[in-house]
Amino acid sequence: MVDWQLVSFVKASEVRKKILRNLREGQQTPTGLKNRCGETMPRISSVLKELEKYGLIKNLTPNVRKGKIFKITELGKEILEKVEKMEG
């Protein structure tokens, strides 16, 4: 069953969508996402924390201070797919 609250949460932010789309292509560091999304590092860090909190992404290197690596989860892929279908 689709969690429409999460669909709405992702749909409401271009940055959340950009990050999830980039992570769908493969694992990334925050710096890589910053460069690919054209956002500031504080904004990327904030959105990564939000997405991780809701289980849409996973930090593969939780004990590393710098150079963390993130990946999209199956839930993240499912929610992004619903958002993209809604947006046509």
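Me: Which side chains meet in a salt bridge with an N to O distance of 3.9 Å?

Reply: Start with the general idea. Side chains of opposite charge can pair when their charged atoms come close. A salt bridge here is a side-chain nitrogen of Lys or Arg within 4 Å of a carboxyl oxygen of Asp or Glu. In this predicted model, Glu87 and Lys11 form such a pair, at 3.9 Å from N to O. Glu87 sits in helix α5 (residues 74-87) and Lys11 in helix α1 (residues 4-11), so the pair ties together parts that are 76 residues apart in sequence. Helices are DSSP runs of H or I with at least four residues, strands are E runs of at least two, and both are numbered from the N terminus.

Me: What rules apply to numbering, atoms and confidence?

Reply: Residues count from 1 along each chain as its sequence is written, and side-chain values use heavy atoms, without hydrogens or water. The model is predicted: local features need pLDDT of at least 70, side-chain atom pairs count only at pLDDT 80 or more, and totals for chains, interfaces and linings use all residues.

Me: Is Glu87 buried, exposed or partly exposed?

Reply: Read the relative accessible area. Buried means under 20%, exposed over 50%, and partly exposed in between (1.4 Å probe, protein chains only). Glu87 is partly exposed at 35%. Lys11 is partly exposed too, at 33%.

Me: Which residue forms a salt bridge with Glu87 at 2.6 Å?

Reply: Lys17 does, with the closest N and O atoms 2.6 Å apart. This pair links distant parts of the chain: Lys17 is in helix α2 (residues 14-25), Glu87 in helix α5, 70 residues apart. Lys17 counts as buried, at 3% relative accessibility.

Me: Where do the partners Glu84 and Arg21 lie?

Reply: First the pair itself. Glu84 and Arg21 form a salt bridge, with the closest N and O atoms 2.9 Å apart. Glu84 belongs to helix α5 and Arg21 to helix α2, so the pair ties together parts that are 63 residues apart in sequence. Glu84 is partly exposed at 24%. Arg21 is partly exposed at 26%.

Me: Which residues do shared partners join into one network?

Reply: Lys11, Glu14, Lys17, Arg21, Arg24, Glu84 and Glu87. A search of the whole structure finds 11 salt bridges.

Me: How many positive and negative charges does the protein have?

Reply: Count Lys and Arg as positive, Asp and Glu as negative; His and the chain ends are left out. Each charge is placed at NZ of Lys, CZ of Arg, CG of Asp or CD of Glu. The protein has 19 positive and 11 negative charges, and their mean positions are 6 Å apart.

Me: Where is Lys49, and is it buried or exposed?

Reply: Lys49 is in helix α4 (residues 41-53). Lys49 is exposed, at 61%. Its C-alpha atom is separated by 12 Å from that of Ile19, 30 residues apart along the chain.

Me: What is the order of elements from the N terminus?

Reply: The order is α-α-α-α-β-β-α. That is 5 helices and 2 strands.

Me: What does the radius of gyration say?

Reply: It is taken over C-alpha atoms, and the globule rule is 2.2 Å times the number of residues to the power 0.38. For 88 residues, a compact globule would have a value near 12 Å; the protein has 12 Å, which agrees. The C-alpha trace spans about 35 × 25 × 20 Å along its principal axes. Buried residues make up 38% of the 88.
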